Amino acid sequence: MIARNRKANDQFITSHPDILGGTPVIDGTRIPVYAVLGRLQDGDTLQDLIDDYPQVPPEAFEAAELYAKAHPFRGRASGRPWRSVT
């Protein structure tokens, strides 16, 4: 299973500093993997994504979802976390 996921990542997911600052995207698009995961978590289905992006193979969305789950987004902490420290 790990080998299958790695092959899907290599085939469908890319990251380049000139494309969205290096954020992983579906290859050949500017669709971030984290946007795919967000839409799926917010209630959209795989079919909704396919309908919105018919040129993208369904396997690419599946690979993006798995990649985003395996590599959580690391950004700045929201709010002011130091205020909760007592």
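A: A salt bridge here is a side-chain nitrogen of Lys or Arg within 4 Å of a carboxyl oxygen of Asp or Glu. In general, side chains of opposite charge can pair when their charged atoms come close. The model is predicted, and by this rule it has 3 salt bridges.

Start with Arg39. The side chain of Arg39 meets that of Asp44 in a salt bridge, with 2.6 Å from N to O. That distance lies within the 4 Å limit, so the pair counts as a salt bridge. Arg39 also meets Asp52 through their side chains, again with an N to O distance of 2.6 Å. Arg39 lies in helix H2 and Asp52 in helix H3, so this pair ties together parts that are 13 residues apart in sequence. Arg39, Asp44 and Asp52 are therefore linked in a network of salt bridges.

How exposed are the members of this network? Arg39 has a relative accessible area of 24%, which makes it partly exposed. Asp44 is partly exposed as well, at 28%. For Asp52 the value is 44%, and this residue too is partly exposed. Buried would require a value under 20%, and exposed a value over 50%.

Glu65 pairs with Lys69, and their closest N and O atoms are 3.2 Å apart. Both residues lie in helix H4, 4 residues apart, which is about one turn of the helix. Glu65 is partly exposed, with a relative accessible area of 23%.

In soluble globular proteins, nonpolar side chains tend to be buried together. The largest nonpolar core of this model has 17 residues, and those with the most contacts inside it include Ile13, Val33, Phe61 and Ala64. Helix H2 (33-41), helix H3 (46-52) and helix H4 (58-70) each supply at least two residues of this core. H4 gives the most, with 6 residues. Val33 touches Ile13, Pro24, Val25, Ala64, Tyr67 and Ala68, leaving aside residues up to four places away in sequence.

To return to the request: Arg39 pairs with Asp44 and with Asp52, and Glu65 pairs with Lys69.

Conventions:
Residues are numbered from 1 along each chain as its sequence is written. This is a predicted model: local features need pLDDT of at least 70, side-chain atom pairs count only at pLDDT 80 or more; totals for chains, interfaces and linings use all residues. Side-chain values use heavy atoms; hydrogens and water are left out. A nonpolar core is a set of buried Ala, Val, Leu, Ile, Met, Phe, Trp, Tyr and Cys residues joined through side-chain atoms within 4.5 Å. Buried means under 20% relative accessible area, exposed over 50%, partly exposed in between (1.4 Å probe, protein chains only). Contact means heavy atoms within 4.5 Å.
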